[in-house]
Amino acid sequence: MKKFLFIFLWGISVTVFAQTQNITGKITDPSGQPLPGVTIVVKGTTMGTISNIDGDFELSNVSSESVLIFSFVGMITQEIAVGTQTSINVTMQADAIGIEEVVAVGYGTQKKVNLTGAVGSVKIDEIEKKTVTQASQLLAGEISGVTISQETGEPGKDVANILIRGMGTFSSAGNTPLVLVDGFPSSINAVDPNNIASISVLKDAASASIYGSRAANGVILITTKEGREGQLKISYNAYVAQQSASEIPDFCDSWTYAEALNEARTNAGSGLAYSDDEIELFKSGTDLDNYPNKRHYKDLIESGNGLLTRHNLTFTGGTQKTKFLLSTGYLNQNGLVDENSYERYDIQVNLNQKMAENFDVAFKMSAYQSSANEPVTYGGDSVYELINGAVRLNNTISGRKSDGTYGYLETFAPEAYMDSKSFGEDISKNFMGNIALNWEIVDDLKLTGRINYRVNDVRSKVFVPEVYINESLTFSPSTLDVNYTDDTDLTMEFLANYNKVIHNHRFGILAGASREEYNSNWVNASRDNFTGDQLYELDAGASSNMQNDGSSYTWKLESFFGRLNYAYMEKYLLETNLRYDGSSRFADENRFGFFPSISAGWRISSESFFQDKITWVDDMKLRASIGKLGNQEIGNYPYQKSIELGNDYPIGGILESGGALTTLPFEDITWETTTVTDIGVDLTFFNSKLIFTADYFVKKTDDILYEITVADVLGMSASEQNAGSVENKGWEFDLKYSDKISDFSYSIHPNFSVVSNEITSLATVEQDIGNGLFVGSSVSAIYGYVADGLFVDEADVNSYATQPYTGGAEPGYIRYKDISGPDGVPDGVVSSSYDRKVIASSVPKYSYGLGISGNYKGFDMYVQFQGLGGYKRMPARWQFAFYNGGNIQNWQWKGAWKESNPDRNAIYPKLIEVGSSAVLTQNSTYWLMDASFLRLKNVQLGYTFRKGLIPYINDMRLYVSATNLITFDNYKEGWDPEMEMQSGGSGHYPLTKVLTFGINVNF
């Protein structure tokens, strides 16, 4: 009876004390201001909510025995027991000096305050402020020491080039950093920007040497978003944008061109190109077929609608055991040129499953399919060359005439190509999936096994039909080229992590091994003489001239690595990294390389003598590091003697297929090795309002692969050998200030870096003019004459040093200085042998950025400036007036030297028709263009609607943004200083200004 009574009373007590209730409350920051967006979850359940714009929240049917978890980025997570409370007000506290903030490092994460290496990072809140088409664009202006340049605006190819701490090599190994997505090699642009949680850049050897032979150019770590415990959340992000050319060159009208060409012909002593009557016909516009004013370039780059749309739908949620994220994306980007577009579909699945208390599984999968389309020229050249051709066509040349024929210059007829069925198409399919098993075998010891598989398939087609120009000219035959490429990459890793704290000593030990195998296969086929232009398959072409080829290659990398972290009292920090890499790209005796690093840090602010006297400094840390990195991107098996096929020989009067050894290999080549020394300081002031980081580094690359010159008697060329070195020195500065004034919070984040680049050795020579390499100068040096203005008259010509012009110098020509001669002193004759020198560098010396953000009662603002400085560029050949029958711009016509006004400092020489061998257009200081610029890179204004205003929607944000809005520079009129401008066949594609309207909705 007593037992029954006890059970009865206990049941009543449980019923009484486990009642449910509604909970309301308000969440504020330390200053008492409302804090919206705080996540409140009932511990152990999926029940939860988010505080609204006023910091208020409400939860229904909460058990009195429940515990509420309050979390917010940058704030300390709090747990509060409900009990009998129905109103819970919480003041969130900022992480003291960011102690809880972690950043991604090699094979793991570390608290930022404990870092001893140089690591830059971009967080999710900074990423979400930008609307970009390629993930590489996210880094522009964000991190010191990272030079970002976007050279093209072509859809699908508008990627940013990334350079970390200067150009370390001039060899084929390249300067591209290693990119790891969720720990595995990939491309930064393979990731949908909407799925990125954070980006870390490992800049020095201490942070990057754990990746050994692939880390010489720095390492970029990308972490994708993951599911979170709590109820299902759905987010939809979308925007629509309009693109336009950032700059458009101003070419002369047809009648002005005619007048300018007449002047050029007069200057050359030849007959006029156009009569006065013909010039009047150009002006009148009465006969557009024969006397047009056709703006070929402007019409071409405005022929596309430039529309850009992006959509992303993401589902996240989970329990304590299972967390998931599913994200799908779609991008459609139309180019500035008609028939030029890029379309992409993305999917990302991240799943974390806790199988037991000490065992969990993480699965991540991403895939995308993209399709890039462009019009092509006769010969199958890309849209770049199509635009390049439009630059050369002056306004006196017709486009499409009324009778259906076309105007043209040589083989350039952009309107005819655009009207034809010609096209280039690239379809890419990319898959990357990995699984990780994590087993905490005992306390502090975790074992991890990971495997990753990546596939990239690309199918390319280029179709060029017969193109009719007029009765006397047809470009033929029609051709089709098809290429298939299949790349696979398999990586397997085993990691052991041990972390232990013994009194004031903290130890962290990582040991691991990995194996990577990369395989590539490709096949190419072509046919010509198609029966029409409607069927773009090989079988539709003639078999009489069909061609095909193909090949494959593989390489493997086997590695062992480890790391030791040690901290005493969290103020004396030490880290060592070791990696032992073996690459199949080297001969057996040079196959393995050892890459160590060591770094140390001292948190001076933790010393008692500092804490007692300097209270306004929250944290002060000194860092120093040195380490060795490698670069194994040297091609496949360059040490082997390879027989080149296709060398046919006559045997008995019959031409037989054969092969030959055409390159003499150096079998003992080894890694390009980079040694980086770094000294840095990290400072935090005024309760984390002001954060400052500075670094000084020396980065020296030795054993650079260089193809030395050999005597012709050898009968073959020599392959590259380790015979060069490059040194980069520089400073990096990052500053961030954040504060709040009443309802207005703001942040200012400038960064600046300076890098000096120099070739320090080059085999046994001091210069290699043919390859543009000079000891003591930068890797991308510009070599040429030193200009001394223009000749003003014949007396000036006769009194000056003899010039290298064919036929002699004339008034209005560039005066080249006589700087040396056979005896090392000026000899009165300017020649290419003795009177040229390094006149500039085309590698940016300075990079800088400034981010400004603010929030006020639901309104938010973000402004970013980005720029590069300290470098020059030469004009592309087709930018010179009348170059090989080409065009002329208005600034050239108006600023040209004239006999009636013989200005020594005129901005353009006397007008003449020039060719590819003209000395007037050779590299000289006269033509150097200052490519430094400061760009208003991003501007974004948004407003977030309060929760409850719209049913079923937690919050909704509308925004408008602009990209590449204004550029401040001293570059030539009509040309963007950041844009690629090559003299050869690659041409250019204008950068774009982008105006965007977007929406973010969370359900």
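## The largest cavity

The lining of the largest cavity sorts into 4 nonpolar, 12 polar and 3 charged residues (Ala, Val, Leu, Ile, Met, Phe, Trp, Tyr, Cys and Pro count as nonpolar, Asp, Glu, Lys and Arg as charged, the others, Gly among them, as polar). A cavity here is a set of points on a 1 Å grid over the protein atoms alone where a 1.4 Å probe fits but cannot get out, and lining residues have an atom within 4 Å of a point. The space in this one comes to about 190 Å³, a volume being what probe spheres set on the points fill.

Of its 19 lining residues, T131, T133, Q137, T963 and V994 sit closest to the centre. Strand 54 gives the largest share, 3 residues. Strands are DSSP runs of E, at least two residues, and helices runs of H or I, at least four, numbered from the N terminus.

## About the model

This is a predicted model: local features need pLDDT of at least 70, side-chain atom pairs pLDDT 80 or more, while totals for chains, interfaces and linings use all residues. Residues are numbered from 1 along each chain as its sequence is written, and side-chain values use heavy atoms, leaving out hydrogens and water.

Conventions
On a 1 Å grid over the protein atoms alone, a cavity is a set of points where a 1.4 Å probe fits but cannot get out, and a pocket is an open set with protein on both sides within 12 Å along at least five of seven lines; lining residues have an atom within 4 Å of a point.
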